[in-house]
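Please examine the sequence and the model shown here before reading on. The paragraphs after it are meant to be followed with the structure in view.

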Amino acid sequence: DQASVKGKTFIIATDTTFAPFEYRDASGEMVGIDMDLIHEIATREGFKVDIKAIGFDAALQAVQAKQADAVLSGMTITDERKKIFDFSDPYFQSGVQMAVKKDSDISGYKDLKGKTVVGKTGAEGLAYAKSISTKYGFTVKALDKADTMYSEVQTGNAAAVFDDYPVLAYGIAQGNGLKTVTPKVAGGSYGFAVLKGDNGDLMKAFNKGLSGMKADGTYDKIVDKYLKSSH
Ligand code: GLN
């Protein structure tokens with residue numbers, strides 16, 4: 001309950017860039033839906049957070065090594081991950097999609113034959129790309145950071161990127177020079193994650209804060225702040 005997290009500081013590991021969920025603003029501060037959510041929940045439940053923007057795979061590793069208390073990084077709740085992590089109530093519905101350069105002739109997976117695509121290390125986008133790579137005859141390259149991943153496509157070194165569709169849509173709306181040509185692949189929802197059996201009080205506080213924010217409209221306000229302005 002609240003009493004057991006009160007006044008404590010928890011280390012929250014996150015991605016370096018996963019806009020609009022986490023990214024650095026012009027002043028270098030980590031902002032985004034995930035960041036606003038955790039800061040608001042921490043305020044409501046009386047705990048403090050120390051945000052470590054170390055990368056997605058690194059965040060998952062840090063929690064497993066007990067160097068961080070939780071991952072908050074647009075992390076998809078999957079059965080596989082549930083073997084290692086405990087997840088909060090879902091807070092955002094998502095899934096994977098492919099994006100190519102705006103002027104690319106690629107109109108579907110079949111056009112990827114012999115080409116290389118990129119995805120993020122440890123992420124669902126990478127896993128999906130790998131799952132169809134043999135069928136369509138393309139190579140998958142894993143990269144740790146969104147910046148490198150996207151620039152590979154922008155410079156033409158990679159034919160496509162596989163990432164979560166809300167993130168692709170945000171980047172495209174911001175003018176990253178990409179487009180989507182294939183349907184969204186329905187996936188799971190995002191959840192806040194702690195190591196299985198660990199940090200139960202923090203998890204309870206997260207769920208309590210989240211449900212309060214959903215009930216009073218704060219959750220919608222945060223999502224709208226980042227998503228309405230980009231569409
Ligand atoms: N939602 C994806 C996953 O959990 C990607 C998360 C991310 O890149 N930060 O694998």
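The text below goes from the domains to the ligand, then to several helices, a strand and some backbone features.

The model is a predicted one, in which local features need pLDDT of at least 70 and side-chain atom pairs count only at pLDDT 80 or more, while totals for chains, interfaces and linings use all residues. Residues are numbered from 1 along each chain as its sequence is written.

The protein is divided into domain 1 (2-91 + 191-230) and domain 2 (94-187); the bounds come from an automatic or database domain assignment. The centres of the two domains, taken over C-alpha atoms, are separated by 25 Å. Domain 1 gives 12 residues to the contact and domain 2 gives 17 residues, where two residues are in contact if their C-beta atoms, placed from the backbone, lie within 7 Å. On the side of domain 1 that touches domain 2, there are 5 nonpolar, 6 polar and 1 charged residues. In this classification, Ala, Val, Leu, Ile, Met, Phe, Trp, Tyr, Cys and Pro count as nonpolar, Asp, Glu, Lys and Arg as charged, and the others, Gly among them, as polar.

Which domains supply the shell around the ligand? The shell draws at least three residues from each of domain 1 and domain 2. The residues around the ligand are Asp15, Phe18, Phe56, Ser73, Gly74, Met75, Thr76, Ser94, Lys120, Ala123, Glu124 and Asp164; a residue is near a molecule if its C-beta atom, placed from the backbone, lies within 6 Å of it. By class, the shell consists of 4 nonpolar, 4 polar and 4 charged residues.

One of the residues around the ligand, Phe56, belongs to helix α3. Helices (H or I, at least four residues) and strands (E, at least two) are DSSP runs, numbered from the N terminus. Is Phe56 buried or exposed? Phe56 counts as buried because it has 26 C-beta neighbours inside 10 Å. A residue is buried if 20 or more other C-beta atoms lie within 10 Å of its own, exposed if 12 or fewer, and partly exposed in between, with C-beta atoms placed from the backbone. Leaving aside neighbours within four places in sequence, Phe56 is in contact with Asp15, Ser73, Lys120, Gly122 and Ala123. From C-alpha to C-alpha, Phe56 and Ala123 are 7.6 Å apart in space, although 67 residues separate them in sequence.

The buried residues of α3 are Phe56, Ala58, Ala59, Leu60, Ala62 and Val63. They pack against β1, β5, β8 (116-120) and β13. An α-helix has 3.6 residues a turn, so residues three or four places apart point the same way. Just after α3 comes Lys66, with a positive phi of about 60°. Lys66 is found in the loop between α3 (56-64) and β5 (70-71), and it counts as exposed because it has 11 C-beta neighbours inside 10 Å.

Most residues other than glycine have a negative phi, and most peptide bonds are trans. Asn199 also has a positive phi, of about 55°, although it is not a glycine. Asn199 is found in the loop between β13 (193-195) and α8, and with 20 C-beta neighbours inside 10 Å it counts as buried. A cis peptide bond, with omega about 10°, joins Ala19 and Pro20. Pro20 is placed in the loop between β1 (9-14) and β2 (23-24).

Two packed helices are described by the angle between their axes and the distance between the axes. Helix α2 (residues 33-45) and helix α8 (residues 200-215) pack at an angle of about 105°, with their axes 9 Å apart. Axes are lines fitted to C-alpha atoms, for helices over the stretch in contact, and angles run from 0 to 180 degrees between N-to-C directions. The two helices α2 and α8 are therefore roughly perpendicular to each other, a term for angles of 65 to 115 degrees; under 35 counts as roughly parallel, over 145 as roughly antiparallel and the rest as oblique. On the α2 side, Glu40, Ile41, Arg44 and Glu45 meet residues of α8 that include Phe206, Leu210 and Met213.

In helix α7 (residues 165-173), Tyr165, Pro166, Val167, Leu168, Tyr170 and Gly171 are buried. These buried residues pack against β7 (92-101), α6 (146-154), β10 (160-164) and β11 (178-180). Strand β7 contains Val100, which is buried, with 23 other C-beta atoms within 10 Å. Not counting residues up to four places away in sequence, Val100 touches Ile106, Val153, Ala159, Ala160, Leu178, Lys179 and Val181.
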